[in-house]
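This briefing covers a helix, a sheet, a nonpolar core and several local features of one structure. Please read it alongside the sequence and the coordinates shown below.

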Amino acid sequence: TDQSGSAVRSVGVRRRPPIVFFDNVVPGLGVGSVALANETGIRLLVEHLVRVHGQRRIGYVGGCETETSGAERLAGYRLAVAAGGLDTNEGLVRAGDWSLEAGARETEALLDLADRPPSIVYADAQMALGGLSALRGRGVRVPDDVAIVSFDDWDAGQFLDPPLTALARRDRQIGDLAASLMLRVLEQDESDRLDVRLPMDLVVRRSCGCGGGTE
């Protein structure tokens, strides 16, 4: 968030320690970062819905836009929508906060639209789970009535009904690379900033309308 970013900047200015960011990044600060390819990941989800399922009107439930992960995922959605010539109605874009409650609340808002979207992209799995609960509560069938996909995959995703189509998590790789980058800085006193973005893999299951398996 803006507040946490300001706090980190304050520490950096006073003490100038080597700082490596992971997952979220404070622009212009630190010796490097390791994060997911947020923008291209969301574009991969949108493009799958368009290319495989012919979707033209796709809702989006995003995360905190003050965090780089939230802002970049929203940017990826907007770019994919523009590139695909899809419906750009701003009512299709809902701002969440990474929580189950936000996923349910913002899904309800999309369902209340006069012309509700036949598919929804969630910026993380927690909100996707909340969204799935809201869809069930409304008697909306997934994926028959509304297809859903999510940025994050997690262990229980394959056991949902229907199993969730999502981008595979990279937590272990992020941690390992961040630690390696910090050791490199400490051992070699590198001055050049290094920013690493990890590519995402799509795990295809039934929530998007596919039959299952991995693409």
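The buried residues of α5 pack against β3, α4, β5 and β6, where contact means heavy atoms within 4.5 Å. Helices (H or I, at least four residues) and strands (E, at least two) are DSSP runs, numbered from the N terminus. This is a predicted model, in which local features need pLDDT of at least 70 and side-chain atom pairs count only at pLDDT 80 or more, whereas totals for chains, interfaces and linings use all residues. Residues are numbered from 1 along each chain as its sequence is written, and side-chain values use heavy atoms, with hydrogens and water left out.

**Helix α5**

- Ala125, Met127, Ala128, Gly130, Gly131, Leu132, Ala134 and Leu135 are the buried residues listed for α5; buried means under 20% relative accessible area, exposed over 50%, and partly exposed in between (1.4 Å probe, protein chains only).
- An α-helix has 3.6 residues a turn, so residues three or four places apart point the same way.
- The 13 residues of α5 should span 18 Å at 1.5 Å a residue, and this agrees with the 18 Å between its end C-alpha atoms; the expected span is 1.5 Å times one less than the number of residues.
- After α5 comes Gly139, with a positive phi near 75°.

**The sheet**

- An open sheet of 6 strands has the order β4-β3-β5-β6-β7-β9, with mixed pairing; two strands pair if DSSP finds at least two bridges between them.
- β4 and β9 (202-203) are at the edges with a single partner strand each, so one side of each has no neighbour in the sheet.
- β5 pairs with β3 in the parallel sense over 4 bridges, and 4 bridges also join β5 to β6 in a parallel arrangement.
- Val121 of β5 is the bridge partner of Tyr60, and in β6 the bridge partner of Val121 is Val149.
- Ser119 has Ala147 of β6 as its bridge partner.
- In a regular strand the side chains alternate between the two faces of the sheet.
- From β5, Ser119 and Val121 point one way and Ile120 and Tyr122 the other way, and all are buried.

**The nonpolar core**

- The largest nonpolar core holds 45 residues, of which Tyr77, Val121 and Ile148 touch the most other members; such a core is a set of buried Ala, Val, Leu, Ile, Met, Phe, Trp, Tyr and Cys residues joined through side-chain atoms within 4.5 Å.
- At least two residues of this core come from each of α2, β3, α3, α4 (100-111), β5 (119-122), α5 (125-137), β6 (147-152) and β7 (165-167).
- Not counting residues up to four places away in sequence, Ile148 touches Ile120, Tyr122, Ala128, Leu132, Leu135, Val142, Leu164, Thr165, Ser207 and Cys208.

**Aromatic rings and a charge**

- A search of the whole structure finds 1 aromatic pair.
- The ring centres of Tyr60 and Tyr77 are 4.8 Å apart with planes at 20°, so the pair is stacked; rings of Phe, Tyr and Trp (its six-membered ring) pair if their centres lie within 6.5 Å, and planes under 30 degrees apart count as stacked, over 60 as edge-to-face and the rest as tilted.
- Tyr60 belongs to strand β3 (residues 58-62) and Tyr77 to helix α3 (residues 68-84), so the pair ties together parts that are 17 residues apart in sequence.
- Tyr60 is buried at 1% relative accessibility, and Tyr77 is buried at 3%.
- Arg73 lies over the face of Phe151, at 3.7 Å from the ring centre; a charge sits over a ring if NZ of Lys or CZ of Arg is within 6 Å of the ring centre and within 35 degrees of the ring normal.

**Loops and backbone geometry**

- Most residues other than glycine have a negative phi, and most peptide bonds are trans.
- Trp98, in the loop between β4 (93-95) and α4, has a positive phi near 75° and counts as buried at 18% relative accessibility.
- The peptide bond from Val142 to Pro143 is cis, with omega near 5°, and Pro143 is in the loop between α5 and β6.
- Asp161 and Pro162 are joined by a cis peptide bond with omega about 0°; Pro162 is in the loop between β6 and β7.
- Gln55, in the loop between α2 (38-53) and β3, counts as buried at 12% relative accessibility.
- Beyond its neighbours within four places in sequence, Gln55 is in contact with Leu49, Val50, Leu86, Pro118, Ser119 and Ala147.
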